[in-house]
Amino acid sequence: MTIPCEGFYDTLYMGKTSMTAAVMDRCVWRQVREDTSQAYWRWHSTLFDKQGSKNSGWASKANLLEITRGVDGVDASAVDSCMQAQRSEIEASINEDMNQASQFGIRGTPAFILYNRDADSAGKLVGAQPYDRFDEAITRVQNA
């Protein structure tokens, strides 16, 4: 499975504000990827630093745009315009990614698919894992 490198999203089972955050993520990436891709990571880090508790509403569009206004290199107005013009297209892409991930039994992030092309075998890791778990999974897929 190929996960697009056009941003990230927080969870595979998203509520309204999670989808808003996911759409904004992709709009930010689309805006900065050509010239100032480091601005994306500044934005990403800022969001993580300022996130509120789960289901608190902190990820509302208005709050996210306010946070975005404070990130150097990201134009909040352009992000807002992208969200208005491209939201349904981006949501469809996100839903397609979530459906594809679900078919592989992935129901959360982070998730990693390990694939050995020569043996046509795969494995997965879901959730934050220590190095040893990655090492074991890679070895299993290599020896398949």
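Predicted model: local features only at pLDDT ≥ 70, side-chain atom pairs only at ≥ 80, totals over all residues.
Reader: Ok, so where does Lys61 fall, and why?
Author: Lys61 has 29% relative accessibility, so Lys61 counts as partly exposed.

Reader: And which side chain does Lys61 meet in a salt bridge?
Author: Asp80, with an N to O distance of 2.8 Å. The pair links distant parts of the chain: Lys61 is in helix H3 (residues 61-69) and Asp80 is in helix H4, 19 residues apart.

Reader: How many salt bridges does a search of the whole structure find?
Author: Six. Another one of them has Glu89 and Arg30 meeting at 3.3 Å, N to O. Glu89 sits in helix H4 and Arg30 in helix H1, so this pair ties together parts that are 59 residues apart in sequence.

Reader: Why do Glu89 and Arg30 get the accessibility class they do?
Author: Glu89 counts as partly exposed because its relative accessibility is 46%. Arg30 is at 22%, so Arg30 counts as partly exposed too.

Reader: What about Arg69, which partner does its side chain meet?
Author: Glu66, in a salt bridge at 3.3 Å, N to O. Both residues lie in helix H3, three residues apart, which is about one turn of the helix. Arg69 counts as exposed because its relative accessibility is 53%.

Reader: Switching topic: how many disulfides turn up in a search of the whole structure?
Author: One. The disulfide joins Cys27 to Cys82, with 2.2 Å from S to S. Cys27 belongs to helix H1 (residues 16-32) and Cys82 to helix H4, so to speak distant parts of the chain, 55 residues apart.

Reader: Is that disulfide left-handed or right-handed, and are the two cysteines buried or exposed?
Author: The torsion about the S-S bond of Cys27 and Cys82 is about -75 degrees, so the disulfide is left-handed. Both Cys27 and Cys82 are buried.

Reader: Last one, the surface. Which residues form a nonpolar patch there?
Author: Phe104, Ile113 and Tyr115, with about 290 Å² of accessible area together.

Reader: Where does Phe104 lie?
Author: In the loop between helix H4 (76-103) and strand S1 (111-116). Phe104 is at 42% relative accessibility, so Phe104 counts as partly exposed.

Definitions and conventions. Residues numbered from 1 in each chain as written. Heavy atoms only, no water. Patch = residues over 30% accessible without salt bridge, like charges linked within 9 Å, V, L, I, M, F, W, Y side chains within 5 Å. Areas by Shrake-Rupley, 256 points an atom, 1.4 Å probe, with all protein chains shown as cover. Salt bridge = Lys/Arg side-chain N within 4 Å of Asp/Glu carboxyl O. Helix = DSSP H or I, 4+ residues; strand = E, 2+ residues; numbered from the N terminus. Buried < 20%, exposed > 50% of the residue type's maximum accessible area, 1.4 Å probe, protein only. Disulfide = S-S within 2.5 Å.
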